[in-house]
Amino acid sequence: MDFARILEIFGFIVGLAYLWWEYHADARVWIASVIMPAISIWIYFSKGIYADFAINIYYLVIAVYGYIAWKHGFGDKKDKKPRAITHTPLPVWAGVAVAAAALWLLLFFVLNHYTDSTIPRLDAFTTALSVVAMWMMARKYAEQWLVWLVVDIVSTGLYIYKGLIFYPILYAAYSVIAILGYRKWLTLMKSPTPRHTPPHFGSPSTTDTPKPPPLPTLP
């Protein structure tokens, strides 16, 4: 078994852990987000998938940003708390669409004219969507799963075409998890109990029994 295949298998395993943590909105997903690019950089470069190779540098940076945002937020120091899952506002959708389209055109031009990429159009497409999806994930927008669903479906076919074995399986699994993950995040978003403030040991749980209403004060 050659070194590239070993790296692909290891990347596959880390990718499964990534799926599990992202599905549960666990900040440890960003640990996998650092390991995965380190593995993928070599694989993508050796296979001539240059846009995906370059984007992994961005992944390393956004992983740090995402971890800080998920764990500590970016609010006032007096009221700093982990970022909550929210829907993507319409103005953000507009910005995401413009950014993705512009990046797709730019990457396609670069790949088509300055590299020997065999699939410049699809390579640029998945890379552009991945850039905005990672940012949406760092901001904890639930609809990031829908963007990833498009990326995963296209990438599955792309990696089959490039002769990879384990990555197509991984990305096919991503496609299924993207659907389930979107539903899971919607459930977490509607949950009345914040996931980042569990009750302390020895204190009554906030989810077991409701607190009685306060007694009326005497005049």
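Q: Let's start with the nonpolar patch on the surface: which residues form it?

A: Keep in mind that this is a predicted model. A residue needs over 30% relative accessible area to join a patch. Here, the nonpolar patch is made of Phe10, Ile31, Val34, Ile35 and Leu60, which together have about 380 Å² of accessible area.

Q: Which helix gives the most to the nonpolar patch?

A: That's helix α2, spanning residues 29-46, with three residues. Leu60, another patch member, lies in helix α3, residues 50-72.

Q: Is Leu60 buried, partly exposed or exposed?

A: The general idea is that buried means under 20% relative accessible area and exposed means over 50%, with partly exposed in between. Leu60 has 32% relative accessibility, so Leu60 counts as partly exposed.

Q: What about loops? Where is Thr88, for instance, and is Thr88 buried or exposed?

A: Thr88 is in the loop between α3 and α4 (90-114). Its relative accessible area is 9%, so Thr88 is buried.

Q: Which residues does Thr88 touch?

A: Leave out residues up to four places away in sequence, and Thr88 touches Trp93, Met136, Tyr141 and Glu143.

Q: Now Arg139: where does Arg139 lie, and is Arg139 buried or exposed?

A: Look in the loop between α5 (120-138) and α6 (144-161) for Arg139. Arg139 counts as buried because its relative accessibility is 19%, and the cut-off for buried is under 20%.

Q: How far apart are the C-alpha atoms of Arg139 and Ala84?

A: Their separation is 8.7 Å, while along the chain Arg139 and Ala84 are 55 residues apart.

Note on methods:
Residues numbered from 1 in each chain as written. Predicted model: local features only at pLDDT ≥ 70, side-chain atom pairs only at ≥ 80, totals over all residues. Heavy atoms only, no water. Helix = DSSP H or I, 4+ residues; strand = E, 2+ residues; numbered from the N terminus. Buried < 20%, exposed > 50% of the residue type's maximum accessible area, 1.4 Å probe, protein only. Patch = residues over 30% accessible without salt bridge, like charges linked within 9 Å, V, L, I, M, F, W, Y side chains within 5 Å. Areas by Shrake-Rupley, 256 points an atom, 1.4 Å probe, with all protein chains shown as cover. Salt bridge = Lys/Arg side-chain N within 4 Å of Asp/Glu carboxyl O. Contact = heavy atoms within 4.5 Å.
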